[in-house]
Amino acid sequence: MNYNFFSPQQICFGWDRFQEVGPLATSLGKRALIIGGSRSLESNGVIEELKRLLLRSNIESEFVRTISNEPEVADVDQTTNLLHHLGAGAGDFLIGIGGGSGIDLAKACAAMITNWESDTVLDYLEGVGKGLQLKQAPLPLLAIPTTAGTGSEATKNAVISSYSPAFKKSLRADEMIPNLVLCDPKLACSVPPEITARTGMDAITQLLESYISCRAQPIPQALCLQGLKLALPALAEAVEDGSSRNARESMAHAALLSGIALANSGLGMAHGVAPALGIHCRISHGLACAVMLPATLKTNLSVRQKEYAEITRFIAPERSFTEAEAAQYLIEHIETLNDRINIPRNLSSLGVTQAQIPDLVASSRGNSMSGNPRELSDAELTQILEDLL
Ligand SMILES: [Zn+2]
């Protein structure tokens, strides 16, 4: 056995612990630069409350900007410029508050503000640009997730999109894992059912893909089992009753565990195809993962039956199954859950056409796909996508 394991330096998890943000943040710096991931955080007063709580601990703060969509190259470059105008540097730290988009933007800007070799993040992204490496440590970062999904609060990459040219690539460095995560499940209570469903399925996809990844490791696998045991029974409840404390806590914890797992183990086919569906068909990350997950499980069944059975026996220990039955149960369980929370079964209902499949296949070959337990040829991936139309 041989592995490295990365995680945030400190995780503060708990209902209503947002109130503790001031004392927690004092270790990070004297001025907070805040990046938000949703307009509703401004309109429902969360940002104002954040600033007030920080000030009570003598931390000045500047609200830099809100991003409503998954961050693009220009968003990172423009926000980094705003930070330069605010004189961001030693003694400052960033706060990323929101879903994956806001936290990813904050992570990317925290890195870009201290790395000067190029003024565009493009040159630091995997597989595009000049291939520059981050040499300086990012500014300290506090991540406050307000949706339970991407686990971005615990990962070492930020996903950055471009539509012309079309790509979705990561800015990645071990130092990009947020220093401090404040995870207060209460903050997710106002997330609408549709977003709860999609982001929750993203977390579940991450837990399953990390568990079966060809780079799977023992610590992440243990976390994945815990995360799945919490999330699988909780997601439908969180969608149907957004104020359920139990469901929101389970989903927030599962999402956090999914981030820690994927940062160490990688992912698989669903996360390989999801960015392609994002840039070519404008399908949100969580929805893309949710639609691709059953097909991903079926595609990998021949080499991961034992792992599927392990998961089933952990989440449903009261049932007696053969290994094959237990593996099948997991796949059917995911399909039933998707149906219950209104995730479509096919890609055509999301507007995907036959003519887009070659582009989708070509854009699916990123870091995530390399974690899939089986190598998939272009012909096989084409067939999988055609079967999903
Ligand atoms: Zn994901």
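About 2,100 Å² of area is buried between domain 1 and domain 2, and carbon and sulfur atoms give 68% of that area; buried area here is the accessible area (1.4 Å probe) that two parts lose on being put together, summed over both. The size of an interface is often given as the accessible area lost when the parts come together. This is a predicted model, in which local features need pLDDT of at least 70 and side-chain atom pairs count only at pLDDT 80 or more, while totals for chains, interfaces and linings use all residues. Residues are numbered from 1 along each chain as its sequence is written, and side-chain values use heavy atoms, with hydrogens and water left out.

**The two domains**

Domain 1 spans residues 10-187 and domain 2 spans residues 192-387, with bounds that come from an automatic or database domain assignment. Taken over C-alpha atoms, the centres of domain 1 and domain 2 are separated by 26 Å. Domain 1 gives 23 residues to the contact and domain 2 gives 26 residues, where contact means heavy atoms within 4.5 Å.

| UniProt annotation (unreviewed entry) | Residues | Helix | Strand | Distance between end C-alpha atoms |
|---|---|---|---|---|
| Alcohol dehydrogenase iron-type/glycerol dehydrogenase GldA | 8-185 | 26% | 26% | 18 Å |

**Across the interface**

Between domain 1 and domain 2 the rule finds zero salt bridges, a salt bridge being a side-chain nitrogen of Lys or Arg within 4 Å of a carboxyl oxygen of Asp or Glu. On the side of domain 1 that touches domain 2, the elements giving two or more residues are strand 1 (10-13), strand 6 (157-163), strand 7 (166-172) and strand 8 (180-183), and strand 7 supplies the largest share, four residues.

**Two backbone features**

Most residues other than glycine have a negative phi, and most peptide bonds are trans. Serine 164 and proline 165, however, are joined by a cis peptide bond with omega of about 0 degrees, and proline 165 sits in the loop between strand 6 and strand 7. Asparagine 58, although not a glycine, has a positive phi of about 65 degrees; asparagine 58 is placed in the loop between helix 3 (46-56) and strand 3 (60-66).

Note on methods:
UniProt positions are given in the numbering used here, feature names are shortened, and annotations may be inferred rather than shown by experiment.
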